[in-house]
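I opened the notebook to look up a sheet, the helices across it and a pocket. The structure goes in first.

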Amino acid sequence: MVINMAIHVGLIGIGNIASMLVQAIEYYKRTGSTKGLIHHNIDGYKISDIEIVYAIDISKYKVGRDLSEAIFAPPNLVPRLVDLPETGVIVRMGKILDGVASYMMEDFAPLNSNEPSKDLLVKEIRENDLDMLINLLPVGSFYATRFYAKVAAEAGISFINCIPEFIASNDIFKEIFYGKRALLLGDDIKGQLGATIVHRTLASLITWRGASIIESYQLNVGGNSDFKNMTDHSRLYSKHISKTMAVASTQPDPNKILRKIYAGPSGYIPFLGNKKVAYIYILAKAFMEMPVKIDLKLEVDDKAMATAVLVDVIRLAKVLMEKEVYGCPPWASAPYFKYPPLPISSDVAALHKLYEELDRLGISISPRYIEPY
């Protein structure tokens, strides 16, 4: 097999994460820095090997524009962090379906234009020699996510599902991707040091130290279009499941504690912009059933946290396809997603399993943060 050291990526949804990703690739390429990256090198691939060569959106402010301009179009809020040259990638019109909620019409400003068929997108993907499609659609895009997942499978490429629609955890989609010799990773990307990973770590620590959780909640507020989109609770069903199960799965009996845990978006505060503020509360019982209460406030740039994980997942998807790993290997998703195909109680165990499987496949990764068992 001839290995192409460039990773050709297509983006579905040119929002704030897309803006951060495009700028991050340029930043790390120019500086040569590895600061802030989780893994610097995955089987020879660096972040500078990632190339965005295809982009899809539905906004009149983005479709038809060079990607370097489209990532700063409204309602995006990520500032201009790097001076970008023109990419030559012109954002094409996508399929709307349920990607735009009725109350988000003004924000997302869908273009009145012909929408592509699945066959046309598959043809374009092959012409652009894509390795993967990354789903960055708004939360609640049930039908749109499934449409693009089928496009990726038909084209025989990887599909990275960054949003809380249950694709990688769906047995039908697992079979479709395996049968098409394609790769599926998801669902709902974790942040590098986001609310979910911090909440999970605290919950795991409580269990490791012999205590038990009585009740817990995680409340998140932010000011970007993601949080505005999620003010409609009808679009939040899968998001609440994803975030709540991510915490509950750290406990010995997740189903028993599930009704005592709440995690999810709780408010839209415009002036916060891309800053996400999370409030995490845990009540536990420890030695001699003495209570322990944890109240924590976390402030992060929501899109930087997601992108730090995404640049790992992109490179992982590339090397797994090179090794002819198809379908949806649960160990590949577990360290990076809130709702992987098989929930795992410990993020440390998830990382151990990832390293173990990569060793088995002869795939190098560095740095390693934990030693093999």
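My entries on the sheet, the helices and the pocket follow.

I noted that this is a predicted model, where local features need pLDDT of at least 70, side-chain atom pairs count only at pLDDT 80 or more, and totals for chains, interfaces and linings use all residues. I number residues from 1 along each chain as its sequence is written, and side-chain values use heavy atoms, without hydrogens and water.

Sheet. I found an open sheet of six strands, in the order β4-β3-β1-β5-β6-β7, with parallel pairing. Strands (E, at least two residues) and helices (H or I, at least four) are DSSP runs numbered from the N terminus; two strands pair if DSSP finds at least two bridges between them. I looked up the edges: β4 (92–93) and β7 (184–185) each have a single partner strand, so one side of each lacks a neighbour in the sheet. Strand β6 (residues 158–161) is joined to β7 by two bridges. Ile160 stands opposite Leu185 in β7.

Helices. I saw that α11 (residues 302–322) lies across β1, β3, β5 (132–135), β6 and β7.

Pocket. I looked up the lining of the largest pocket and counted 19 residues, with Gln192, Ile197, Pro335, Asp347 and Leu351 nearest its centre. A pocket here is an open set of points on a 1 Å grid over the protein atoms alone, where a 1.4 Å probe fits, with protein on both sides within 12 Å along at least five of seven lines; lining residues have an atom within 4 Å of a point. Helix α7 gives the largest share of this lining, five residues.

Key: Contact = heavy atoms within 4.5 Å. Axes fitted to C-alpha atoms, helices over the stretch in contact; angles between N-to-C directions.
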